[in-house]
Structure formats: C-alpha cells, structure tokens
Amino acid sequence: MSLVGKRILIAKPGLDGHDVGAKIIALALRDAGAEVIYTGLRKAPEYIARIAVEEDVDAVGLSILSGSHVQLVRETMRCLREAQGGNIKLFVGGTIPQEDAAALLEAGATGIFNASQRIEDVIAEMGRQLAAS
Amino acid sequence: MTQPSTIPSEPSQPSAHTPSGIAVPDVVTADMVDAAKIGAPGQYPFTRGIFDNGYRGRLWTFRQYSGFGSAEETNERYKFLIAQGQTGLSVALDLPTQCGYDPTAPMASAEVGKVGVSLSNLAEAELLFEGLDLAKLSTSFTINGTAAIVYAMYLAVADKRGVPRAKLTGTIQNDILKEYVARGTWIFPVRPSMRLIADSIVYSNEQTPRFNPISIAGAHVRDAGCTAAEEIAYTLANAFAYVDELVARGGDPNAFAKRLSFFFYVHMDFFEEICKFRAARRYWARQLKERYGVTDEKALMFRFGVVCGGSSLTAEQPYNNIVRVGIENMAAVMGGAQSIFTCAFDEAFQIPTETSAEIALRTQQIVAYESGISRTVDPLGGSYYVEWLTDRMEEEMAKVIQEIDDYGGTVRAIEDGYLQMRIARRALERKLDIDNGERVVVGVNYFRHAEARSELGEVFRLDPAAAGKVVARYQRVKDTRDNALVERTLAALGHAATRDDINLMPLLVDCCHAYATVGEMVDTLKQHWGEFQEPVRL
C-alpha cells in the first residue's frame with residue numbers, strides 16, 4: 001500500500017516525552033512515500049489542529065504514552081473540527097488499553113495502533129483508510 | 001520497506017552478534033583474554049567491582065519506582081512496599097511536576113497524577129512523606145527539569161520536621177542532557193540548565209554530604225532504542241560535560257566525583273549487560289584519572305543503579321515479563337549494581353497493581369536470598385567470555401565517545417538534534433529487526449497465540465477523584481499562604497537567576513518554605529532564561 005502523495009502530521013500532544021514511537025512511525029511513513037511533518041514534543045491540541053489545517057494534511061497521527069489519551073483525542077478532534085479540519089483523519093498510537101479503544105473511536109479516531117504491531121501492517125492500514133477518503 | 005511479509009515460524013540459532021553488533025566467536029579461549037587488565041575487586045580500575053567483598057558487605061538497595069495520583073495514595077503504596085521489605089524509596093512524579101506546570105495550568109489538566117504523583121508545593125511533599133523517617137530512608141527522585149526545585153522541597157520537609165540535613169540520603173536524577181536527547185522533560189535552554197545543575201551539586205555536597213545530587217542516566221536513551229554500548233557512551237559523554245562544568249566553577253573532582261552516580265537499563269542480552277557495567281567501571285575510572293587527574297580512589301568509583309524491564313517487556317503474554325525481569329535482575333547483580341529497580345510485569349502498559357508490584361519486589365528477594373549469586377564478589381570474573389566481551393564493550397563505547405567528540409561534543413550534538421536522530425534511526429532498526437523476525441521476542445514475533453486475547457487478571461485504575469483532590473488542595477494552599485512572602489522569595493530567585501555568582505539553591509529552599517509552587521518558581525526562571533527550543537529533525 002503506497003502512501004505516495006499523502007501528507008501526514010505526526011504529533012505529540014500533552015506533556016509526555018516518549019517520542020521514540022512518534023519518530024519511528026514518522027521515519028517509516030516517509031520511507032513509504034508520505035510527506036511527513038513532525039511537531040516535536042508538548043504540543044497543545046489547538047496547535048496540532050492549526051498546523052494540520054495550515055499544512056493541509058490528510059491525516060494526523062497522535063502518539064500518547066502517558067495514559068491521557070481519551071482526553072487528548074477528544075480535545076484534538078474538537079479543535080480539528082473548529083479549525084475546519086473535520087475531514088482530516090486521526091490515528092492514535094501508544095499505550096492504549098483495549099478497553100479504551102471504543103471511547104477513542106467514538107471520539108472520532110479512525111485507527112488505533114500499538115507498539116507491537118508490525119510497521120508494515122500499520123502503514124497498510126493507514127494506506128487503506130486514506131485511500132477510502 | 002524491505003521486510004518480508006511473513007516471518008519463519010521458529011527462530012533460527014542465536015545470532016553470532018550481540019545487540020551492540022559485536023561478533024562473538026564459537027569459543028573464547030585463554031589466549032584471547034588480557035589477564036593484566038582485570039585487576040582485583042575494590043581496586044583501580046574496578047573491573048571486578050568497587051568493593052573488595054562485593055555484596056557480602058552490603059546488598060544492593062531494593063528500590064521500586066512508584067508514585068501515582070495524589071500524595072496520600074502514593075504514601076500508602078510506599079508504606080505497603082516498605083512493609084514488604086523494600087529498602088529505599090523511588091518517587092515517580094507526574095508530568096506537570098516534571099515539566100514545571102501547576103496542576104491548574106491548561107497544559108497540565110489531562111495529566112495530573114497520571115504517570116506519577118503530583119507534587120506542586122511543600123504541602124504535598126509533607127503529605128507524601130507523612131509517617132516516613134527521612135533520616136533513615138534513602139529516597140530517590142526521578143526528576144530533571146525541576147530537580148533543583150524538588151530537592152529544595154525535600155530539604156524544606158526535612159527542615160520543618162527537624163531532620164538534620166546531614167542525615168539525608170538519596171538521589172535526584174538531575175541529568176538534563178539526556179532529557180534533551182530522549183526523555184523530553186526539559187524546560188530551560190542548555191546553558192542555564194547546566195548552571196542550575198552545578199548549583200545543586202555544589203550545594204548538596206555542602207549541605208547534604210550523603211546525598212547524590214545527580215544520577216547521570218543512560219536508561220532512557222537505551223529504552224528509546226540505542227545499544228548497550230551506546231547507552232554507556234552517551235551517558236559518559238554527558239558525565240564528562242558535567243565534570244567540565246563543575247571544574248570550570250572551581251570544583252575539585254577528587255571531592256565532587258565521589259557523589260556522582262549513574263543509572264542504566266538492563267535488557268535481555270545477559271552477558272552483554274554484565275560486561276557493559278564491568279567495562280564502564282574501568283573506562284570511567286581510567287578517564288577520571290588520566291583526563292582529570294583524580295587521585296582519590298573513592299572518587300574513581302563508578303556507582304550505579306539500574307532498572308530491569310522497560311522496553312524489553314511486552315504487552316503480549318504479560319506474565320512472560322516476570323521471567324525476563326528475573327534474568328535481567330541476575331545480570332544486574334553479576335554486573336555489580338548498587339541499587340536495583342525491577343519493573344512489574346504489567347509496567348509496560350499500566351501503573352502496576354499491588355500484586356504485580358509485590359512480585360517485582362519478590363523477584364529481587366529471591367535473587368538476593370535464594371540464588372546464592374551474591375555470595376562472592378564478581379562470580380564471573382576470569383571467565384574467558386566475560387573478560388573478552390568486557391574488553392570488546394570497552395572498545396565499542398570508546399569508539400562512540402570518540403564519534404561524539406569528533407562531532408564537536410555532546411552539548412553541540414544535542415542542540416543540533418544529531419544524537420536524537422541517531423537514536424531514532426536505531427529505534428527504527430530495532431523495530432524492523434523485530435518485525436522481520438531477526439530479533440526474537442517471545443510472544444510478539446514468535447510463539448504467539450493464534451488469537452489475540454486479554455490475559456491480565458487485574459487492571460490498575462487510578463482513583464478518578466485524585467486529580468480533583470490535588471487541585472482543590474492546591475487552591476487552598478494558594479488561598480491560605482502568606483502571598484507577600486511568596487512574592488518576596490520569588491523576586492529574590494528572579495534576581496539571582498540573572499547573576500551567575502549566586503547559588504540558586506538557598507533561594508529555592510526559601511521559596512519552598514513559603515509554599516511557592518513549582519509552576520511559580522519555573523515561570524520566574526523562564527522569564528530570565530527562556531525555554532529550550534527543541535531541534536526537530538527527521
């Protein structure tokens with residue numbers, strides 16, 4: 001599944017400083033042909049939404065390992081809608097307990113990934129979701 | 001992506017290369033080992049350990065990292081762990097406290113009490129240590145960006161309780177350089193951060209001579225993805241930067257080096273982990289002696305704590321993690337660690353439950369009291385393979401340190417984002433090695449269950465009321481404290497921030513005594529110092 005021509009923003013919301021996952025996925029998405037922008041650490045949901053809209057991305061990938069994912073995903077979705085970016089797909093990666101998946105999907109997330117999934121599978125799934133849009 | 005779409009159903013024979021890339025022969029023989037380099041335990045260059053009798057004199061400290069929610073809940077967990085035989089405290093702080101935000105700050109609202117306990121002011125610290133004997137208990141704080149502030153708060157608690165400062169033992173991590181590289185709780189730019197660290201070390205050496213004012217940590221770069229040899233190399237490169245800073249301030253390394261300590265991860269490659277510690281001890285002692293002219297033997301000793309687990313643990317088949325941590329715990333002991341933290345089997349994905357936290361501690365007790373491996377010092381000393389691999393690890397770490405020096409030093413490599421980039425690329429390599437089956441992780445890429453299933457018996461849930469309690473108490477402190485006094489102490493801090501000749505520590509202690517908050521102290525310093533600008537490089 002190719003991501004050529006897709007623009008993706010990888011973002012770290014909140015205060016969590018674990019950025020390895022974000023960087024791994026950013027590098028891998030770029031290797032798969034996507035144009036990738038990475039926000040760096042500690043960004044507010046408003047900021048992430050603004051950059052996503054300004055940069056006209058197809059998708060935002062949030063990386064969260066602090067346990068604050070439900071709140072941060074809801075906030076980011078709200079900010080995206082307010083910034084007229086409601087069509088931008090939101091993916092979430094990190095330490096997300098299975099029982100929180102439903103809440104994230106309900107909040108508007110398109111896909112949820114964890115560290116032990118193969119990168120190839122993550123990219124294929126993102127490619128499928130973005131092709132459908 | 002070059003990885004195959006399927007991986008073999010069973011792993012091949014163990015790789016001939018260690019994870020650091022060292023090619024290991026089928027057999028190591030006596031002629032491949034330089035016996036003259038080994039030396040004796042307790043003697044320079046300390047390959048075999050810093051004590052002549054190893055753990056017979058004193059066992060390592062059992063130091064389980066713990067903290068969550070409110071100060072009361074965490075205090076309760078500490079009392080539980082102490083009752084179970086834990087011998088030192090290790091305080092986990094929440095991200096707002098680590099990044100310098102009060103619990104009411106907009107950036108903080110989602111994270112109060114999530115990954116650690118909230119400690120925004122002295123009132124919280126008093127609750128956290130309620131009923132615990134600070135004169136007897138050694139307390140370690142994983143704190144960096146706000147380390148000087150949390151240390152000041154600890155001193156203020158001791159002062160208020162009448163505990164003599166000279167009796168305090170413990171550690172603050174206080175290693176900002178690796179925060180820029182891997183852990184991310186930086187606040188100020190490099191320059192003022194280095195000054196704050198030097199201030200706290202100088203002050204601690206005078207006021208709390210038994211306290212370790214810095215624990216230079218490789219654990220986080222390791223967990224982020226780099227190899228064992230790089231872990232030591234990046235850490236020692238940072239350590240030399242701190243030593244240079246202290247020497248430039250007129251410090252005598254014969255004195256201050258006695259209170260420098262280190263902190264690393266232990267992952268799964270048993271012998272490489274053991275040998276990295278033996279090599280690090282030898283390399284550090286030699287460098288201090290030859291580069292800095294240190295002559296005092298005690299100042300040449302490389303003292304370190306470890307954490308077993310981290311990214312070597314898996315969310316799949318979580319009970320397997322108990323075995324992994326047991327093996328890593330043994331490697332830490334064979335490597336001569338001074339303190340050990342064994343992760344709980346569920347720690348890869350949640351705050352440990354009381355049950356999992358207890359198993360982690362029991363693991364250490366089994367290794368310490370049943371296995372007999374602490375019976376004699378450095379039991380693997382003289383093993384052809386161990387001595388050979390120790391030499392190879394030392395060469396490897398020296399090579400990486402040279403590369404950093406060639407780049408222009410660790411501070412430049414960090415400010416440019418060069419080190420961050422190196423680690424990210426390593427992390428991607430490691431991930432792809434797992435994805436394509438070259439690196440075996442049982443339960444993840446081999447020996448999986450056919451269907452995904454949840455196997456965890458017990459799930460930890462934070463008290464949902466904890467954050468609200470913390471915020472309410474914070475408001476009460478702000479309403480009832482002497483605000484004029486707070487303003488005065490903060491103004492004095494701000495003034496001193498602009499003057500390199502004033503040590504900031506006494507001013508921070510004054511602020512803490514006045515119940516100034518972490519956010520207020522950080523904001524005061526930010527006004528003068530600004531914030532670190534993260535180099536974002538991919």
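Helix α10(B) passes helix α11(B) in a right-handed crossing, where right-handed means that the near helix is turned clockwise from the far one by less than a right angle, and left-handed that it is turned anticlockwise. Helices (H or I, at least four residues) and strands (E, at least two) are DSSP runs, numbered from the N terminus. This is a predicted model: local features need pLDDT of at least 70, side-chain atom pairs count only at pLDDT 80 or more, and totals for chains, interfaces and linings use all residues. Residues are numbered from 1 along each chain as its sequence is written, and chains are lettered from A and ligands numbered from 1 in the order in which they are written.

**Helix α10 of chain B and its neighbours**

- The axes of α10(B) and α11 (residues 320-335) of chain B come within 8 Å and cross at roughly 30 degrees; axes are lines fitted to C-alpha atoms, for helices over the stretch in contact, and angles run from 0 to 180 degrees between N-to-C directions.
- That crossing makes α10(B) roughly parallel to α11(B). Angles under 35 degrees count as roughly parallel, over 145 as roughly antiparallel, 65 to 115 as roughly perpendicular and the rest as oblique.
- On the α10(B) side, B:Phe270, B:Glu273, B:Ile274, B:Phe277 and B:Arg278 meet B:Ile327, B:Ala331, B:Met334 and B:Gly335 of α11(B); two residues are in contact if their C-beta atoms, placed from the backbone, lie within 7 Å.
- Six nonpolar, one polar and two charged residues make up the contact of α10(B) with α11(B). Ala, Val, Leu, Ile, Met, Phe, Trp, Tyr, Cys and Pro count as nonpolar, Asp, Glu, Lys and Arg as charged, and the others, Gly among them, as polar.
- Helix α8 (residues 228-248) and helix α10 (residues 270-292) of chain B have axes that come within 10 Å and cross at roughly 25 degrees, so α8(B) and α10(B) are roughly parallel to each other.
- This crossing of α8(B) past α10(B) is right-handed.
- Residues of α8(B) in the contact include B:Ile232, B:Leu236 and B:Val243, and those of α10(B) include B:Glu273, B:Tyr283 and B:Trp284.
- The contact of α8(B) with α10(B) has nine nonpolar, no polar and three charged residues.

**The sheet of chain B**

- Nine strands of chain B form an open sheet with parallel pairing, in the order β5-β4-β3-β2-β1-β9-β8-β7-β6; two strands pair if DSSP finds at least two bridges between them.
- β5 (211-212) and β6 (214-217) of chain B stand at the edges with a single partner strand each, so one side of each has no neighbour in the sheet.
- Strand β1 (residues 61-66) of chain B runs parallel to β9(B) and is joined to it by two bridges, with B:Thr61 opposite B:Ser339.
- Strand β8 (residues 304-308) of chain B pairs with β9(B) in the parallel sense over four bridges, and B:Cys308 stands opposite B:Thr342.
- Strand β9 (residues 339-342) of chain B is covered on both faces, with B:Ser339 and B:Phe341 on one side and B:Ile340 and B:Thr342 on the other, all buried. A residue is buried if 20 or more other C-beta atoms lie within 10 Å of its own, exposed if 12 or fewer, and partly exposed in between, with C-beta atoms placed from the backbone.
- Helix α12 (residues 354-369) of chain B lies across β1 and β9 of chain B, at about 160 degrees to β1(B).

**The sheet of chain A**

- Five strands of chain A form an open sheet with parallel pairing, in the order β2-β1-β3-β4-β5.
- β2 (35-38) and β5 (111-113) of chain A are at the edges with a single partner strand each, so one side of each lacks a neighbour in the sheet.
- From one strand to the next, the twist averages 20 degrees.
- Helix α1 (residues 20-31) of chain A packs on the sheet and touches β1 (7-11), β2, β3 (59-64) and β4 of chain A; its direction makes about 160 degrees with that of β2(A).
- In β3(A), six of its six residues are buried: A:Ala59, A:Gly61 and A:Ser63 point one way and A:Val60, A:Leu62 and A:Ile64 the other.
- β1(A) and β3(A) run parallel and are joined by four bridges; A:Gly61 is the bridge partner of A:Ile10.
- Six bridges join β3(A) to β4(A) in parallel, and A:Ser63 stands opposite A:Gly93.
- β4 (residues 89-94) of chain A pairs with β5(A) in the parallel sense over three bridges, where A:Gly93 stands opposite A:Phe113.

**Contact between the chains**

- 32 residues of chain B are in contact with 32 residues of chain A.
- On the side of chain B that touches chain A, the elements that give two or more residues are α2 (95-99) and α15 (418-435) of chain B, and α15(B) gives the most, with six residues.
- That side of chain B divides into 17 nonpolar, eight polar and seven charged residues.
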